[in-house]
Amino acid sequence: MLNTTVTPTHCPYCALQCGMNVLPGPAIEGRPEFPVNQGALCGKGQSAASVLASGVRLTEPLVRDRATGRLTPATWDDALDRVADGLARARTGHGADACGVFGGGGLTNEKAYALGKFARVVLGTSQIDYNGRFCMSSAAAAGQKAFGLDRGLPFPLADIPRTGCVILVGSNLAETMPPALRYLTELKANGGTLIVIDPRRTRTADQADLHLAPRPGTDLALALGMLHLVVAEGRVDEEYVRERTRGWEEARSAAMAHWPEYVERVTGVPVPQLREAVGLFTRAERAMVLTARGPEQQSKGTDTVGAWINLALATGRPGRPYSGYGCLTGQGNGQGGREHGQKADQLPGYRKLTDPAARAHVAEIWGVDPDTLPGPGRSAYELLDALGGDIKALLLMGSNPVVSAPRAAHVESRIRSLDFLAVADVVLSETAELADVVLPVTQWAEETGTVTNLEGRVLLRRQALTPPSGVRSDLYVLRELAARLAPEREKGFPTDAEEVFEELRRASAGGPADYSGISYERLSAEDGEGGGVFWPCAEDSSSASVGTPRLFLDRFATEDGRARFVPVAHRAAAEEPDAEYPLYLTTGRVLAQYQSGAQTRRVPELNKAAPEAFVELHPRLAARLGVRAGDAVVVTSRRGRAVAPARVTSAIRPDTLFMPFHWPGEGRANTLTNPALDPTSRMPEFKVCAVRAERAG
């Protein structure tokens, strides 16, 4: 049903969560009063209504016909009975951990909370994780080590233009979150300096005062080399280090082993550029380091981000106005999605599953014995790798790992080997095509719920449209499955989002991510110029407050209030080029597509702008391979091969290829990527692997 009024809400795509209005039609317009985007929208946001069309989105349940093997329409009761039976068979035959649950960083806070509760209380399984593990988990782990807390940005985006220098590491926000580019433009207009670190000269790097282009996988050495120069040139903020940190001597000793000439050999960044970067950063009275997927999606991502945090700490940046370290979270609810229980090791409120006090608190809210809660399970890739082995049945919500997971052909084979797969999604993704049951669920404009953007700003998305008659919410799915699998738990799974949020508030109370002082009423009141409520926001906080926009001004979230230096040393990527695979491959996103492309590839204007995968390579490499622009290029790694047309550009290093990861089929970039995991965050190494390339045919 079409709406007849204007509904203020938020974009379904990236972690900016830009304010938008849904108009009759439906049509989309930006909301000038919302502070994050001030009315600006990228092409994905402007075309977001296209995915609401019944010809694009799923409108009825599908079950796999046992005779023909095809997905055919079914009633909701039939489909839910099939899902409950598939999960029950796995649990009865092989134990609770034979049931897996895989969530998504696009799920609302309410859905993420309910999904984690369902896995642990109804299924009794430890085997739950989500695709956000592939996005910002390394930065989260590094932030926890250094500051005792993970919130992507500990300050609002509006602080960026008021700083003096920004080091932006591995982010192409001009394409991945275009409305945020204005903050960098304003920074430069105010006399500030932008340093961009990226192997490619991206649209974002084009804005930089200084662009450093290291070899893929060497960001850690680069950060350590810069810290070495900070020490050698006497630019350490000794008073800050003494008063607000611990562990400096160990971190200092580790950095001093990375002298500039060694770092140049490792990274390819000339020593004069290193010195220039250090000078620009340290001469600024206020400065920030911002990281994104580039340094994070590595098998040493936690240490890499930790090295950049060490640089910020040594120069006295975190916890000071208009300065500090921050992570540019990627997915729409990538921040909230990692706070309330769909991670393998986590309980709501960013509590640890291994903490007895946390288990007791949440168990009381859930009405269960703490001893019945399972312990931590496998991380995302490890869970996917176990499909068809220990894990026999999988419930998947809002994710498309057939396209988005590393070593994707292997992951696809594991998914195909399952005894049972159920997928709840908006569209028939490549993963949903493999399912035994597909459940069509509501999306952003068809439901109410909360999300938390990259600043830790909790926002209320309002329902603007009545969903098609054959569509139900994810909360309905979980309630109905609970009724079938554990009838005594059905009441613990309400379908009203506000009711779920009220329980989430109580479950998060006193935790690191405390939402107990946030309510739908308060979010509605703050959704205009105030722009939501920042966590932590305890129940006893002022009703006029917008929470905590800026963290760490008085103390860090550690026991003694001091930040921690973590000593780290450079090490090579898990897979370096050699004679057989002589090139680096790095992956990323393009302006007109989003994540696995499951939704954006269904929007004509976005497909016109970015219709297919491609291989970006330098002219010298193209000449050596005999490749011209548009020629099909075969890229091969130890895990498989991909084929896509060439884009020849001097904006990339001669030793490096780039492929976007939005497409399935022969152009699937993640067929090539390496699932080597960071030992702390369990992040796969999407950003660097060894490949060879040749002209097709």
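User: How should I read strand E6, residues 99-103: how many of its residues are buried?

Analyst: Buried means under 20% relative accessible area, exposed means over 50%, and partly exposed lies in between, with a 1.4 Å probe and protein chains only. In this predicted model, five of the five residues of E6 are buried, so the strand is largely enclosed by the rest of the structure. Cys99, Val101 and Gly103 point one way from E6, while Gly100 and Phe102 point the other way. Strands (E, at least two residues) and helices (H or I, at least four) are DSSP runs numbered from the N terminus. Residues are numbered from 1 along each chain as its sequence is written, and side-chain values use heavy atoms, with hydrogens and water left out. Because the model is predicted, local features need pLDDT of at least 70 and side-chain atom pairs count only at pLDDT 80 or more, whereas totals for chains, interfaces and linings use all residues.

User: Which strands pair with E6?

Analyst: Two strands pair if DSSP finds at least two bridges between them. E6 pairs in the parallel sense with strand E16 (residues 393-397) over four bridges, and Val101 has Leu395 as its bridge partner there. E6 also pairs in the parallel sense with strand E7 (residues 128-130), over three bridges, where Phe102 stands opposite Asp129.

User: What is the strand order in the open sheet of three strands?

Analyst: The order is E1-E2-E3, with antiparallel pairing. Strand E1 (7-10) and strand E3 (27-30) stand at the edges, each with a single partner strand, so one side of each is left without a neighbour in the sheet. Neighbouring strands of this sheet are turned by 35° against each other on average, direction ignored. Four bridges join E1 to E2 (residues 19-23), and Pro8 has Asn21 as its bridge partner in E2. In the loop between E2 and E3 lies Pro26, and the peptide bond leading from Gly25 to Pro26 is cis, with omega near -5°.

User: How is the packing of two helices described, and what is the angle between H7 and H13?

Analyst: Two packed helices are described by the angle between their axes and the distance between the axes. Axes are lines fitted to C-alpha atoms, for helices over the stretch in contact, and angles run from 0 to 180 degrees between N-to-C directions. Helix H7 (residues 219-232) and helix H13 (residues 301-314) pack at about 20°, with their axes 8 Å apart. They are therefore roughly parallel to each other, a term that covers angles under 35 degrees. Contact means heavy atoms within 4.5 Å, and the residues of H7 that meet H13 include Leu220, Leu224 and Leu227, while those of H13 include Ala307, Trp308 and Leu311.

User: Where are Tyr322 and Phe552 found, and are they buried or partly exposed?

Analyst: Tyr322 is found in the loop between H13 and strand E13 (324-327), and has a positive phi of about 60° although it is not a glycine. Tyr322 is partly exposed, with a relative accessible area of 21%. Phe552 is found in the loop between E21 and E22, has a phi near 70°, and counts as buried at 11% relative accessibility. Pro536 also lies in the loop between strand E21 (533-534) and strand E22 (563-564), and the peptide bond from Trp535 to Pro536 is cis, with omega near -5°.

Definitions and conventions:
Angles under 35 degrees count as roughly parallel, over 145 as roughly antiparallel, 65 to 115 as roughly perpendicular and the rest as oblique.
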